Number of protein chains: 2
Amino acid sequence: VTGSLPLALTMGEPAGIGGEIALAAWLRRRPDGPRFVLIDDPARLDSLIHRLGLSVPLRIVASPAEANACFAEALPVLPHPVPVAVAPGQPDPANAGAVAGAIERAVRLAEQGAVAGIVTNPIHKAVMQRGGFAFPGHTEFLAALTGTPAGTEVMMLACPALRVVPVTIHVALRAAISQLTTEAIVTAGRVAARGLQRDFGLAAPRLAVAGLNPHAGEEGAMGHEDQEIVAPAVAQLRAEGIDAFGPLPSDTLFHAAARATYDLALCMYHDQALIPLKTLGFDQGVNITLGLPVVRTSPDHGTAFALAGRFQADPGSLIAALETAAAMARRRAAFDRSFSDV
Amino acid sequence: VTGSLPLALTMGEPAGIGGEIALAAWLRRRPDGPRFVLIDDPARLDSLIHRLGLSVPLRIVASPAEANACFAEALPVLPHPVPVAVAPGQPDPANAGAVAGAIERAVRLAEQGAVAGIVTNPIHKAVMQRGGFAFPGHTEFLAALTGTPAGTEVMMLACPALRVVPVTIHVALRAAISQLTTEAIVTAGRVAARGLQRDFGLAAPRLAVAGLNPHAGEEGAMGHEDQEIVAPAVAQLRAEGIDAFGPLPSDTLFHAAARATYDLALCMYHDQALIPLKTLGFDQGVNITLGLPVVRTSPDHGTAFALAGRFQADPGSLIAALETAAAMARRRAAFDRSFSDV
């Protein structure tokens, strides 16, 4: 591991739990675990360390390259000041520009090959938007920063027991049904399959495609979308050489024996994907953006204002996000080398 | 247990796995486990026992009262012949009347107080309807047989980790959203709460009510149904003295810590209820009809024609259904006694 690049970890919303779970992740570092450089405000980290009574030495670095050498003894920080000092749980929209700036710095470092990938601490959508942030969330912002064509960035959620991709996400259930198209399912499946090959070491990923309706519509008895929208997407993915199959009844798709038959479940709506994911892997979930030119993961939770400043938030999901990003970066490098070797 | 009434177990579709899982359940009987009388065709059971090479002595009985004495040594059968001998996996609609008749006999025995409750083996909807059966499934037939007002019978599914009631069931997801009403949620919650009190020994059952939309709509940002339809139902149930709360985001409702906060999750659509249930308790699920004058459970699977005649079907769900029915009957008797004592 020595010699490999560190990850960039963004500060996220400074009034949320991002800072303290970053400190906790460093305190739980393992000699062979992922190393990271935190893009954050040293003054606010000092204040947080003092408030929580922690023993975390900070090391101000000028570039990620310095991070590896010190990581065992101190938490490396690339200084990125916020204009307003905020108390835990009391966000100020005036910090939105600095919060977004930390994300942009991380992306640029990844594009330059200075970090192996980026891990983002949670931001708060409403606070950011009141502060002038013009994107629905991280994923769309990252797509814009990297010039990724709209709709080809794909959110995957993973825990040790399961990987899921929801084709539709943060919209009302009624709208998710109306918006569901064969094209959206095919794009998500295609990007997901490529991501699993390049970043997860799966040569021929198996994609189980969930039906929209109960029992996947039972041949039209309970809705026609599975025959008219989902099935043609499965056929198209198979025609492209991707091992997709379905539509399958979603209620019987997530027990252990069913999970053994696929590498990823492609789901039609938010809760179809997130109910099984959070039932099986609460506090271990990792949010992964596939389809970007840079490796990016994040913990699968929000800013948790109610918990902030108490050092009670579980850093498990952030630690899993760091480990997942490091593993993805290693596999992507190996995959790209194997192709450039030809 | 000696002296208590046996349960009635119906034959279900004779070409399905019902017969062999009934035989398996008897073979796995425990001295203090539930006793049952099978309402089935002795000739077809003999043929099945021979085909599978099992050692299951049958005892033809004239009434359930005879079943207790023999249950340890032989499987008691109330003879109920089918007109057409069918091979496993090859159903004949001509048997539909006999299949429905076995269900009706079980109900009448329960109404007469001759059995403690009824457990139904799976029937096949399409085969039954081709044979003239005029009901969508067991639940509606049982409601009609017992004069239960339409819509006040409630399907609950239970496994050791979770109980769920889906307010809408076997309809397209789009239709489930359109059909969802405050009244339907209130009725389901009211019947479920009463059932948990009377049949499950819970004096003040806690009902977690799932939101329809992602994040329960996030205050209208993702759909208005949670504010306009679900929240008023929660308020109405609370006004009736029922400990209901929500609407809650359904993705975070089913991990262990969340499950510890309620006795039942009231869900808005089929897969919102059945994904977590089957993820957590596949092969252990029990289907329970609340709101009927008789105790009724069934295994949470179908006729499994592809498995029939091979003795490979897991009898776990049927055994759980028998145990659940026996426990419900005991608690209901105790509950009713405690009220009649006043």
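Select helix 8 (residues 182-200) and helix 9 (residues 225-239) of chain B: their axes come within 8 Å and cross at roughly 40°. The two helices are therefore oblique to each other. Angles under 35 degrees count as roughly parallel, over 145 as roughly antiparallel, 65 to 115 as roughly perpendicular and the rest as oblique. Axes are lines fitted to C-alpha atoms, for helices over the stretch in contact, and angles run from 0 to 180 degrees between N-to-C directions. Helices (H or I, at least four residues) and strands (E, at least two) are DSSP runs, numbered from the N terminus.

This is a predicted model, in which local features need pLDDT of at least 70, side-chain atom pairs count only at pLDDT 80 or more, and totals for chains, interfaces and linings use all residues. Residues are numbered from 1 along each chain as its sequence is written, chains are lettered from A and ligands numbered from 1 in the order in which they are written, and side-chain values use heavy atoms, with hydrogens and water left out.

On helix 8 of chain B, the contact uses Thr182(B), Ile185(B), Val186(B), Gly189(B) and Arg190(B). Helix 9 of chain B answers with residues including Ile229(B), Pro232(B), Ala233(B) and Leu237(B). Contact means heavy atoms within 4.5 Å.

Next, go to chain A and select helix 6 (residues 138-145). Of its 8 residues, 6 are buried. Buried means under 20% relative accessible area, exposed over 50%, partly exposed in between (1.4 Å probe, protein chains only). Color His138(A), Thr139(A), Phe141(A), Leu142(A), Ala143(A) and Leu145(A); these are the buried ones. They pack against helix 4 (96-111), strand 5 (118-119), strand 11 (286-290) and strand 12 (296-299) of chain A. Then step just past the helix to Gly147(A), which takes a positive phi of about 65°.

Now the salt bridges. The count over all chains is 25. A salt bridge is a side-chain nitrogen of Lys or Arg within 4 Å of a carboxyl oxygen of Asp or Glu.

Pick Arg30(A) and Glu323(A): their side chains meet in a salt bridge at 2.7 Å, N to O. Arg30(A) sits in the loop between helix 1 (18-27) and strand 2 (36-40) of chain A, and Glu323(A) in helix 12 (residues 316-340) of chain A, so the pair ties together parts that are 293 residues apart in sequence. Arg30(A) is partly exposed at 41%.

Move to helix 4 of chain A. Arg108(A) and Glu111(A) form a salt bridge there, 2.9 Å from N to O. They are 3 residues apart, separated by about one helical turn.

Which chains does the next pair join? Arg174(B) lies in helix 7 (residues 173-179) of chain B and Glu225(A) in helix 9 (residues 225-239) of chain A, so the pair joins two chains. The closest N and O atoms of this salt bridge are 3.2 Å apart. Arg174(B) is partly exposed at 38%, whereas Glu225(A) is buried at 10%.

Last, check the backbone. Select Gly246(A) and Pro247(A): a cis peptide bond joins them, with omega about -5°. Pro247(A) lies in strand 9 (residues 243-248) of chain A. In chain B, the bond from Gly246(B) to Pro247(B) is cis, with omega near 0°.

Finish on Ala216(A), which has a positive phi of about 50° although it is not a glycine. Ala216(A) is buried, at 12% relative accessible area.
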